[in-house]
Amino acid sequence: MSMNIYRLAGDIIHLTTIVGLLLYIWRKGSCKGISGRTQILFALLFTARYTDLFTNYISVYNSCMKIVFIAVTYVTVLSIYFKYKESYNSQYDTFRSETLIIGATVIAIFVHYKFTYFEVLWAFSEYLEAVAIIPQLYLVSKAGKSEKVVTYYIFGLAMYRSLYLINWLYRYFGENYYDLFSIVPAIIQLLIYFDYFFALLSSRLISKYQKTNTFATDVEGKYPVFVLSYDAVPSSPQKTNPADKV
């Protein structure tokens with residue numbers, strides 16, 4: 001893949017995102033809210049994608065990025081399951097991630113450029129990356145909330161994928177080249193990310209509305225009215241009926 005500013009920016013954001021997640025875990029001494037299953041899927045897909053690390057040399061940059069992505073992801077997995085396992089939300093991280101692995105494997109066997117070892121593994125990594133975040137989203141839904149670091153993490157992945165799509169548009173118009181085996185999974189991955197942010201934004205808007213709006217009735221109790229806050233309408237002193245006290 002030829003280098004351009006969009007691909008370079010995508011790589012930097014991607015690297016910053018995964019390293020930032022690991023540093024957060026180390027700094028906080030906790031992996032609360034972070035899906036170990038999603039990190040295992042990323043470790044697996046990076047391993048499959050970069051199996052050619054020692055057989056297909058492209059550049060120093062390319063080789064270093066491959067090593068860093070694999071190493072950081074595996075260290076993150078070890079941190080979650082061993083070093084900080086006491087804070088791991090295993091009771092929520094229960095998505096059957098093996099179904100995603102099996103699905104990506106089956107598709108890769110039938111949909112690829114060439115039926116060779118490296119090409120099938122590369123295709124497998126593309127398909128698995130499209131859905132690798134699903135266990136994390138499942139954990140969020142089970143826990144009922146999303147940690148800030150998870151939101152930042154998903155935002156970083158969405159930015160990286162968006163820049164890679166722009167990279168493909170740039171290459172299509174500039175080089176008359178495109179790769180549907182990369183573009184289609186990337187679009188699916190972005191749709192999953194956008195769905196998460198849409199749900200997150202909707203829930204926060206609803207929550208904010210519920211906190212700042214109270215439902216009340218007029219003095220006669222006949223017509224419902226909205227009161228923007230408890231302090232918005234001055235209260236007048238009322239006599240208390242002793243019979244109303246419990």
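# Helix packing briefing

The axes of α1 and α3 come within 10 Å and cross at roughly 25° (axes are lines fitted to C-alpha atoms, for helices over the stretch in contact, and angles run from 0 to 180 degrees between N-to-C directions). That makes α1 roughly parallel to α3, since angles under 35 degrees count as roughly parallel, over 145 as roughly antiparallel, 65 to 115 as roughly perpendicular and the rest as oblique. This is a predicted model, where local features need pLDDT of at least 70 and side-chain atom pairs count only at pLDDT 80 or more, while totals for chains, interfaces and linings use all residues. Numbering starts from 1 along each chain as its sequence is written, and side-chain values use heavy atoms, with hydrogens and water left out.

**Overall layout**

- You're looking at 8 helices and 2 strands (DSSP runs numbered from the N terminus: H or I, at least four residues, for helices, and E, at least two, for strands).
- Going along the sequence, the pattern reads α-α-α-α-α-α-α-α-β-β.
- Out of 246 residues in the protein, 40% are buried (buried is under 20% relative accessible area, exposed over 50%, partly exposed in between, with a 1.4 Å probe and protein chains only).
- Take the contacts with a separation of 6 or more: 74% of them come from residues 24 or more positions apart (contact means heavy atoms within 4.5 Å).

**α1 with α3**

- α1 passes α3 in a left-handed crossing (left-handed if the near helix is turned anticlockwise from the far one by less than a right angle, right-handed if clockwise).
- On the α1 side the contact includes L15, I18, L22 and W26, and on the α3 side it includes M65, F69, V72 and I80.
- By class, this α1 and α3 contact divides into 15 nonpolar, 5 polar and 2 charged residues (Ala, Val, Leu, Ile, Met, Phe, Trp, Tyr, Cys and Pro count as nonpolar, Asp, Glu, Lys and Arg as charged, and the others, Gly among them, as polar).

**α1 with α7**

- Helix α1 (residues 5-28) and helix α7 (residues 148-175) have axes that come within 8 Å and cross at roughly 165°.
- The two are therefore roughly antiparallel to each other, and α1 passes α7 in a left-handed crossing.
- Among the contact residues are A9, I13, T17 and L21 of α1, along with Y153, L157, Y160 and Y164 of α7.

**α2 with α3**

- Helix α2 (residues 36-49) and helix α3 (residues 60-83) have axes that come within 9 Å and cross at roughly 155°.
- α2 and α3 are therefore roughly antiparallel, and the crossing of α2 past α3 is left-handed.
- Residues meeting here include I40, F42, A43 and F46 in α2, plus F69, T73, V77 and I80 in α3.
- That contact of α2 with α3 has 10 nonpolar, 5 polar and 1 charged residue.

**Aromatic rings**

- Searching the whole structure turns up 15 aromatic pairs (rings of Phe, Tyr and Trp, the last by its six-membered ring, pair if their centres lie within 6.5 Å).
- One aromatic cluster is formed by F42, F46, Y50 and F69.

**α6 and positive phi**

- Helix α6 (residues 134-143) has P135, Q136, L137, L139 and V140 as its buried residues.
- G144 follows α6, and its phi is positive, near 85°.
- N176 isn't a glycine, yet its phi is also positive, near 55°.
- You'll find N176 in the loop between α7 and α8 (180-212), and N176 is exposed, with a relative accessible area of 63%.

Note on methods
Rings of Phe, Tyr and Trp (its six-membered ring) pair if their centres lie within 6.5 Å; planes under 30 degrees apart count as stacked, over 60 as edge-to-face and the rest as tilted.
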